[in-house]
Amino acid sequence: NWDLLNYHHYNPWAWLNGRRGHDIDAAILPGGYFNPLLHLPLYLAHEVLRPQRVGFLIGAVQGLNAILLYWIARSALPGEASPQRTVLALGVALLGTVAAGNLGQIGASFGDNILSLFVLGSLAILAAMAGAPKPAPALLAGTLLGLAAGLKPTMGLYAPGLGLACLALAAPLQRRIVLGAILAVGALLGWAITGGFWAYDLWRSFGNPLFPFFNDVFKSPWAAI
């Protein structure tokens, strides 16, 4: 795919080999300025394994989404545990797995249905604690979401949704708001772990921590406004 050809493999290599200042926009704007950590495992796998084995590993990791979908469905469906509930949960997991958005990325390098493990993991935690919400799971759920957003900013789109989901928990309104705030703190912590170093590097190098995006705000001379 175009992204793999231009920057999925290149970005981790350039980062590990100190190519900034030598290769100017070699990966084509904006791809060459994305966080290299997302594709670092893929790059390392390409270096030591045959392509068939790399594809197998990618598919195996992506397949874990089905387990999380099943867990979320089991937690969300009403009633006690029963064979019917199990069948329904398996059906939900199957539908989510064979949906076009997922099938189109099986074995591919985009990372969306790998980072979805963090997002679905966050939702699974909230679903599991829905009847008795506590601060620690909310912090963990937020941290998982932040880790994903730090690796790929588009994953941050799920933060408002999960924050609003806290308002549906079985607790007094004030406690639900506090749990939502705790989730937000966890998200910031997770983002700082995986994305903070890269935002600082972009700021130091280009004067824009989100370079080349939002350059109408940061006005870096390295990209168009």
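Helices here are DSSP runs of H or I with at least four residues, numbered from the N terminus. This is a predicted model, where local features need pLDDT of at least 70 and side-chain atom pairs count only at pLDDT 80 or more, while totals for chains, interfaces and linings use all residues. Residues are numbered from 1 along each chain as its sequence is written, and side-chain values use heavy atoms, with hydrogens and water left out.

Leaving aside residues up to four places away in sequence, histidine 9 touches Leu4, Tyr43, His46 and Glu47, where contact means heavy atoms within 4.5 Å. The C-alpha atoms of histidine 9 and leucine 40 are separated by 8.0 Å, although these residues are 31 apart along the chain.

Next comes helix H2 (residues 10-16), which contains leucine 16. At 47% relative accessibility, leucine 16 is partly exposed, a class between buried (under 20% relative accessible area) and exposed (over 50%), using a 1.4 Å probe and protein chains only.

Now for the rings. The structure holds 10 aromatic pairs, meaning rings of Phe, Tyr and Trp (its six-membered ring) with centres within 6.5 Å; planes under 30 degrees apart are stacked, over 60 edge-to-face and the rest tilted. Tryptophan 15 and phenylalanine 197 form a tilted pair because their planes stand at 45 degrees, with ring centres 5.8 Å apart. Tryptophan 15 lies in helix H2 and phenylalanine 197 in helix H11 (residues 196-206), so the pair ties together parts 182 residues apart in sequence.

Tyrosine 33 and phenylalanine 206 are both buried. Ring pairs link Tyr33, Phe206, Phe211 and Trp222 into a cluster.

Methods
Helix = DSSP H or I, 4+ residues; strand = E, 2+ residues; numbered from the N terminus.
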